[in-house]
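User: Could you walk me through the inside of this protein, and then any pockets?

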Amino acid sequence: MDFSSDTAAPAHPAVIEAIAAANQGNQPSYGGDEVTARLRRHLSETFETDDLDFWLCASGTASNALALSILCSPIGAIACHEEAHIERDERGAPEFFSGGAKLRLLPGHGGQIDETALRAALAANNPNFVHETPLEALSLTNLTECGTAYPTSKIEQFVSLAKAEGLNAHLDGARLANALASTGASPAEMSWKAGIDVLTLGLTKTGAIGCEIILVFGSKRAEFPQLQARAKRSGHMPPKMRFLAAQAEAMLTDNLWMTLAAKANQTAREFADILCAKPGVTLAYPVDGNEVFCMLPPKIEALIRKAGVKCYPWPGGSYRFVCSWTTLASDLEAMRDLLAES
Ligand SMILES: Cc1ncc(COP(=O)(O)O)c(C=O)c1O
């Protein structure tokens, strides 16, 4: 029973087939190939706009750090949730790639920034006061690190508050598909239509081998050459870009990414029901996507540990269980049987 992460899951067969299909003959390097050209059309359709540029990376950390490096200068700060992946799990990559930008951590329940805290930080922002590091960007995450989903209206509201103070807006969408499946919003509504300048769209957790797309929208496209130069400088310019593009194309074709995310979300809800049927088990956060965070009584905690169920203890005392496109009904049944022993 492996509920450790959606990155522990295999890639979808369509992704493997797409890579094999792209493996024909020579193609121009560094994104000049046919598959990457086709991907542009897929992205325009998916996001309902031609007013975008994109870059492909193999990891979410690299794509977040590159994205933020064009949204915040070395002498500025990025407002984000105190549990954000860019703060807790990226070993200072945003600071490194931006050349020194600070992260300004904001509190909030369930991985979502508290509105009052955001308003206070924006109200106190004073770019003309030389002793302070002014906010230059807001970074939101959807799904959040606690598995909850911001509704699009909240993203829109937070971004418009930030923009009123001259900030740029970034969305970490490592699990964007799960947030879209949960809220019913379209990719366009949750990104550029909500004012997001740069989206890092993860496909790895959804079912790719390793493919994250940095999408740059609207007026921020002026910074795209800088993003490319930074990608090159930091070693994130894959020469055989076609194999990353092939993964993305397979995921977007016939909306496979959304089908897989909806399935993972549904499995997580069923998993949560199984866990919560046990007395003493409570959800730490609502299950909006494919992650379940539970408080477990000591007896169940011990049982799960003894059985070697893979999951992560999480800050705050809960346990995180992640479902993926490949989590089987039999995995859930095995969990139900195990819990019956308690
Ligand atoms: C919210 C979020 N952002 C970004 C990432 C990307 O991380 P990685 O560099 O492991 O692909 C993750 C991975 O766990 C994540 O949960």
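User: How many residues are in the largest nonpolar core, and which have the most contacts inside it?

Analyst: Bearing in mind that this is a predicted model, the largest nonpolar core holds 88 residues, and Ile213 and Leu215 are those with the most contacts inside it. Helix H11, which covers residues 242–252, gives the most to this core, namely eight residues. Domain 1 (13–255) and domain 2 (256–340) each supply at least three residues to this core.

User: And what is Leu215 in contact with, leaving aside neighbours within four places in sequence?

Analyst: With those neighbours left out, Leu215 is in contact with Leu43, Phe47, Leu52, Asp53 and Phe54, and also with Asp197, Val198, Leu199 and Leu201. There is also a second, separate core of 23 residues, with Ala268, Ala272, Val287 and Cys311 among them.

User: Switching to pockets, which residues are closest to the centre of the largest pocket?

Analyst: The largest pocket contains about 550 Å³ of space, and of the 29 residues lining it, His85, Asp89, Arg175, Lys205 and Arg320 are the closest to its centre. Helix H3 (60–69) and helix H4 (85–88) are the elements that give two or more residues to this lining, and H3 gives the most, with four residues.

User: How does that lining divide into nonpolar, polar and charged?

Analyst: The lining of the largest pocket divides into six nonpolar residues, 12 polar and 11 charged.

User: Where does the largest pocket lie relative to the domains?

Analyst: The largest pocket lies between domain 1 (13–255) and domain 2 (256–340), because both domains give residues to its lining.

Notes
Residues numbered from 1 in each chain as written. Predicted model: local features only at pLDDT ≥ 70, side-chain atom pairs only at ≥ 80, totals over all residues. Heavy atoms only, no water. Core = buried A, V, L, I, M, F, W, Y, C linked by side-chain atoms within 4.5 Å. Buried < 20%, exposed > 50% of the residue type's maximum accessible area, 1.4 Å probe, protein only. Domains from an automatic or database assignment. Contact = heavy atoms within 4.5 Å. 1 Å grid on protein atoms, 1.4 Å probe; cavity = no way out; pocket = protein on both sides within 12 Å on 5 of 7 lines; lining within 4 Å. Points joined across faces, edges and corners; volume = space filled by probe spheres on them. Nonpolar A, V, L, I, M, F, W, Y, C, P; charged D, E, K, R; others polar.
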